[in-house]
Every structure is written in structure tokens, then in C-alpha cells.
Amino acid sequence: MRVADDLQSSSSPTPFFREFAQNLLALILPGSCAVCAGELNGSPTGGICGDCWGGLEPWNGAICSRCGLPLAARLATADFLCGECRVERPQFDFGRSYGIYGGKLRAAVLELKFHRRELLGVRLGHLLLQPWLALCSTHGFSGSWAIIPVPLHRSRERERGYNQAALLARGLSRALRKHRGSAPFRLDTHVLTRERSTVPQSGLSVQARHENVRRVFSVLAPNRLRGRDVILVDDVLTTGATASACAAELKRCGAQRVVVLTLARATPQFPDVARP
């Protein structure tokens with residue numbers, strides 16, 4: 001089992017070089033921004049203009065203290081729990097997201113997942129540093145942490161060419177290395193695997209989502225997890241079914257705490273908005 005501080009995947013590095021060349025060309029012959037369709041100028045990031053990058057807004061409002069669900073209520077206290085977490089605690093210890101799944105952030109996620117924006121994925125991963133530092137300031141996290149992306153099934157990863165969660169995890173790893181005072185972190189893209197392919201979670205009921213990912217994930221090297229704390233990375237958190245299934249398997253194999261970090265949070269309180 002190889003553990004590295006850079007992305008390890010079955011995909012070829014060619015897409016990285018291709019997108020790098022496209023970004024370089026955009027500086028000379030600006031094209032269109034993938035989000036707003038305006039002219040790419042300044043320092044485009046993965047096909048997104050500087051204005052749209054600046055429009056990737058974080059959520060700074062009230063949240064559920066456990067799963068991080070954004071809340072419309074202004075009176076939520078620091079230890080407030082959402083209805084779902086009161087009824088059934090998720091298998092992960094804490095969940096946090098950079099922003100709400102809507103607007104420019106939603107458009108960026110869709111570009112990452114379906115239009116081969118691999119360099120964009122690494123850059124977006126840097127945004128996860130913000131919710132992580134917020135958690136650290138509240139709970140005083142320290143020690144050594146393993147950064148593990150939610151895995152795709154190998155057939156889905158071959159089809160897409162990469163795992164978007166692994167790209168985000170790589171970006172977070174780089175951001176943490178640059179941040180002074182951070183505890184030691186280790187990126188491990190191979191310790192958690194998806195044993196079988198499942199239908200997409202979108203469109204399924206909450207119960208169906210949990211059934212869809214039941215006994216899907218497994219740990220390949222439990223000895224790497226025993227006594228470790230884990231940052232589990234994914235692109236979007238909706239009901240938390242996938243993250244809970246991953247966390248349950250990680251803890252079964254010896255992980256102590258599992259913190260889930262995602263780029264966006266989809267929630268009925270702040271409905272999905274149309275792509276700009």
C-alpha cells in the first residue's frame with residue numbers, strides 16, 4: 001500500500017498538463033469563463049475568471065454544531081443540533097462545509113465533476129482550510145490526522161478520469177502544509193475503497209440513500225487507521241448518508257474521530273439555485 005502526500009490515482013497526468021496549457025493560453029487569448037461565460041482575464045483558475053472565484057462565498061451563519069447544516073434561524077446557539085442529528089446521530093463526529101450548494105459554488109462543483117477541471121479541483125480544495133480552522137478553534141484539535149477522500153467505484157473513476165474528492169483532498173493537504181502551526185497531516189487516497197458500484201444518490205429518499213451505501217465501503221489497511229483521527233473529504237454533503245457509511249467503516253477499523261469536510265452543503269432550507 002503506497003501512502004503519499006500527492007494524489008495517487010489510476011488516471012494519467014495528461015489532463016493536468018492539458019488544463020495547465022489551456023490556462024496559459026487563456027492568459028494570451030482569453031476565452032469564456034465556465035461559470036459566467038464572460039471573458040477570462042487576469043489569472044483564471046481552471047477556466048473560472050477572477051470575479052467568479054471571488055464569488056465562491058463561504059457560509060458564515062448559524063449551523064448545526066454536529067453535522068454543520070446551515071440554519072436560517074439566527075437564534076441558534078453554539079451547541080444547537082438540527083432535527084436530524086437530534087433523532088439519529090451521524091456516524092461521523094463533526095461535519096463542516098465551505099458554503100451552500102448554490103450559485104457560483106454549485107457551478108464550480110459541476111465543472112469539477114463533469115468537465116474535467118482537475119486543476120480547479122485542487123484549487124477548490126484550498127477552500128476547505130477555512131472550515132477546518134473554524135473547527136480547530138472551537139474544539140482544539142491537535143495531533144496527527146489522516147486526510148482520506150470519499151472513494152469512487154473504480155468503474156466510475158475510469159469513466160470520469162479521476163476522483164473529484166481526491167483532488168479536493170490534495171488541495172486541502174497543500175493548504176495545510178502552507179498554514180503555520182498545523183498539526184501533522186497525511187494524505188492517503190487508497191486506504192478507503194468502494195467495493196461495489198451504486199446508483200447516484202441524487203433523487204433518492206433519505207432512507208434509500210442509506211440503503212444504497214450500506215456495506216459499500218471497506219478499509220484496505222486497518223493498521224494505518226488504528227488510533228488515528230481522520231478528515232474525510234467530499235465535494236457535496238446532502239443527507240450525510242455516504243459520509244456516515246464511510247465513517248462507520250473507518251471507526252470499525254480503528255479510527256478514533258472522523259471529521260467530514262465538504263466543499264458545499266445541499267439543504268432544503270437554502271434550495272439549489274439555477275446555474276448562472
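## Where Arg194 sits

In which strand is Arg194 found? Arg194 is part of strand 4, residues 192-194; helices (H or I, at least four residues) and strands (E, at least two) are DSSP runs, numbered from the N terminus. Before going on, a word on the basis: this is a predicted model, where local features need pLDDT of at least 70 and side-chain atom pairs count only at pLDDT 80 or more, while totals for chains, interfaces and linings use all residues. Residues are numbered from 1 along each chain as its sequence is written, and side-chain values use heavy atoms, with hydrogens and water left out.

Back to Arg194, which is buried yet has no salt bridge. Buried means under 20% relative accessible area, exposed over 50%, and partly exposed in between (1.4 Å probe, protein chains only). A salt bridge here is a side-chain nitrogen of Lys or Arg within 4 Å of a carboxyl oxygen of Asp or Glu. For Arg194, the nearest side chain of opposite charge is Asp234, 6.4 Å away; Lys and Arg count as positive, Asp and Glu as negative, and His and the chain ends are not counted. What the Arg194 side chain does reach is the backbone oxygen of Pro151, at 3.0 Å. Leaving out residues up to four places away in sequence, Arg194 touches Val150, Pro151, Leu152, His153, Val216, Phe217 and Thr242, where contact means heavy atoms within 4.5 Å.

## The chain as a whole

The protein chain has 10 helices and seven strands. Of its 276 residues, 51% are buried. Take the contacts with a separation of 6 or more: 76% of them come from residues 24 or more positions apart.

Five strands make an open sheet with parallel pairing, in the order 1-7-6-2-3; two strands pair if DSSP finds at least two bridges between them. Strand 1 (94-100) and strand 3 (185-187) are the edge strands, each pairing on one side only. From one strand to the next, the twist averages 25°. For angles, axes are lines fitted to C-alpha atoms (for helices over the stretch in contact), and the values run from 0 to 180 degrees between N-to-C directions.

Strand 7 (residues 258-265) is joined to strand 6 (residues 229-237) by seven parallel bridges, with Ile231 standing opposite Val259. Six bridges connect strand 7 to strand 1, again running parallel, and there Ile100 has Arg265 as its bridge partner. How many residues of strand 1 are buried? Seven of the seven are, so strand 1 is largely enclosed by the rest of the structure.

Helix 6 (residues 129-139) lies across strands 1, 2, 3, 6 and 7, and runs at about 140° to strand 1. Phe141 is in the loop between helix 6 and strand 2, and counts as buried at 13% relative accessibility. Beyond its neighbours within four places in sequence, Phe141 is in contact with Phe94, Trp132, Leu135, Cys136, Arg257 and Val259. Phe141 and Asp229 are 88 residues apart in sequence, with 9.7 Å between their C-alpha atoms.

Helix 5 (residues 118-125) is mostly covered, with six of its eight residues buried. Among them is Gly125, which has 0% relative accessibility. Gly125 touches Leu168, Gly171 and Leu172, not counting residues up to four places away in sequence. Its C-alpha atom is 9.9 Å from that of Tyr98, 27 residues apart along the chain.

## Salt bridges

A search of the whole structure turns up six salt bridges. One of them pairs Asp93 with Lys251 (3.0 Å, N to O). This pair links distant parts of the chain, 158 residues apart: Asp93 is in the loop between helix 3 (83-87) and strand 1, and Lys251 is in helix 10 (residues 241-252). Asp93 counts as buried at 15% relative accessibility, whereas Lys251 is partly exposed at 27%.

Helix 4 (residues 103-114) holds Glu111, whose side chain meets that of Arg117 in a salt bridge (3.2 Å, N to O). Arg117 and Glu111 are both buried, Glu111 with a relative accessible area of 4%. Another salt bridge joins the side chains of Lys113 and Asp235 (3.5 Å, N to O). Lys113 lies in helix 4 and Asp235 in strand 6, so this pair ties together parts that are 122 residues apart in sequence. Asp235 is buried, with a relative accessible area of 4%.

Key: A polar contact is a pair of N or O atoms within 3.5 Å; within protein, one must be able to donate a hydrogen and the other to accept it, and residues adjacent in sequence count only if both atoms are side-chain atoms.
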